[in-house]
Amino acid sequence: MLMYFVLHFKGLWIFNLYRALYMASPSNYSTAPVSEFLLICFPNYQSWQHWLSLPLSLLFLLAMGANATLLLTIQLEASLHEPMYYLLSLLSLLDIVLCLTVIPKVLAIFWFDLRSISFSACFLQMFIMNCFLAMESCTFMVMAYDRYVAICHPLRYPSIITDRFVVRATIFVVARNGLFFLPVPVLSSRLRYCAGNIIKNCICTNLSVSKLSCDDITFNRLYQFVAGWTLLGSDLILIVLSYSFILKAVLRIKAEGAAAKALSTCGSHFILILFFSTVLLVLVITNLARKRIPPDVPILLNILHHLIPPALNPIVYGVRTKEIKQGIQKLLRRL
């Protein structure tokens with residue numbers, strides 16, 4: 001009987017010791033639920049942060065100020081209450097949301113070393129970045145269609161491009177991209193994160209976050225790749241087709257100066273599309289060539305992609321569009 005109690009006591013002691021060691025093991029801590037992430041901007045060149053904070057701050061203020069001025073001008077100037085300018089307002093709103101989603105957090109990291117971001121905030125940022133980027137592309141496509149109707153079917157333009165068309169186009173832009181990109185953060189949030197919580201990026205991109213998971217992320221990456229290229233690719237194809245028809249129609253115009261006038265109405269829009277596509281293409285190429293270039297370069301380009309187009313879009317339209325320029329001058333006189 002004594003031997004039985006000794007063996008029983010010894011067995012319980014060994015079991016409890018094993019359980020204590022297992023619970024304290026690093027592997028178990030690594031599989032604990034992640035409540036927040038730490039954003040490490042430029043892991044190899046963190047001294048860049050102090051030098052970059054000033055130009056990024058100036059660009060951010062420029063983007064916010066220029067887009068706010070454009071929206072206010074279109075709102076107050078009755079002559080700008082037309083579908084083309086409503087679409088431009090939509091583009092400015094998207095730019096403002098993208099800037100506010102990314103840049104303040106980046107500057108908070110640079111200035112105050114506030115690297116932590118909550119689990120939910122990280123995936124919300126991921127959704128807004130993916131969704132609103134595709135919304136901008138879709139808005140450019142709708143604006144290209146607007147110019148196509150204006151030049152190729154000018155007599156039918158007032159009956160086709162109406163305020164109701166703008167409302168329907170806005171609903172389409174929001175619904176299409178929201179539904180397609182909602183699964184991206186949902187899939188990422190359902191992963192088990194066991195490789196730490198340090199994100200080597202300034203923002204919560206799907207690629208940077210999913211690397212921390214110990215689950216298979218093939219479907220996650222494949223879905224974002226297919227959804228992104230399907231939506232952006234289809235928008236680009238329709239934009240190219242619209243401008244092909246526009247160019248074909250313009251070349252048929254024989255009246256002196258009419259061709260140049262028709263092309264000038266598309267100039268601002270074409271410049272913005274070209275810049276948007278070029279920056280996006282450079283960003284994609286640098287991400288594909290990560291092994292050949294420093295990892296901090298794609299991070300910097302990703303930040304600039306959310307900052308430079310929003311800063312330039314209202315400026316290009318303000319400089320090249322006579323009606324907007326006059327509206328801004330009237331607004332400044334009122335102030």
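Reply: The UniProt annotation "transmembrane region", from an unreviewed entry, covers residues 52–73, 85–111, 117–144, 165–182, 226–250, 262–285 and 297–319. UniProt positions follow the numbering used here, feature names are shortened, and annotations may be inferred rather than shown by experiment. Residues count from 1 along each chain as its sequence is written. The model is predicted, so local features need pLDDT of at least 70 and side-chain atom pairs 80 or more, while totals for chains, interfaces and linings use all residues.

Me: What is the chain over residues 85–111, helix or strand?

Reply: Helices (H or I, at least four residues) and strands (E, at least two) are DSSP runs, numbered from the N terminus. Residues 85–111 are 100% helix, with end C-alpha atoms 37 Å apart. Residues 226–250 are also 100% helix, and there the ends are 36 Å apart. The protein chain has 14 helices and three strands.

Me: How many residues of helix H12 are buried?

Reply: Buried means under 20% relative accessible area, exposed over 50%, partly exposed in between (1.4 Å probe, protein chains only). In H12 (residues 296–305), seven of the ten are buried, so this helix is largely enclosed by the rest of the structure. Among them are Asp-296, Pro-298 and His-305. For the 335 residues of the protein chain, the buried share is 43%.

Me: What order do the strands take in the sheet?

Reply: Two strands pair if DSSP finds at least two bridges between them. Here the open sheet runs E2-E1-E3, with mixed pairing. Strands E2 (116–118) and E3 (198–199) are the edges, each pairing on one side only. E1 (residues 36–39) and E3 pair in the parallel sense over two bridges, and Leu-38 stands opposite Ile-198 in E3.

Note on methods: Heavy atoms only, no water.
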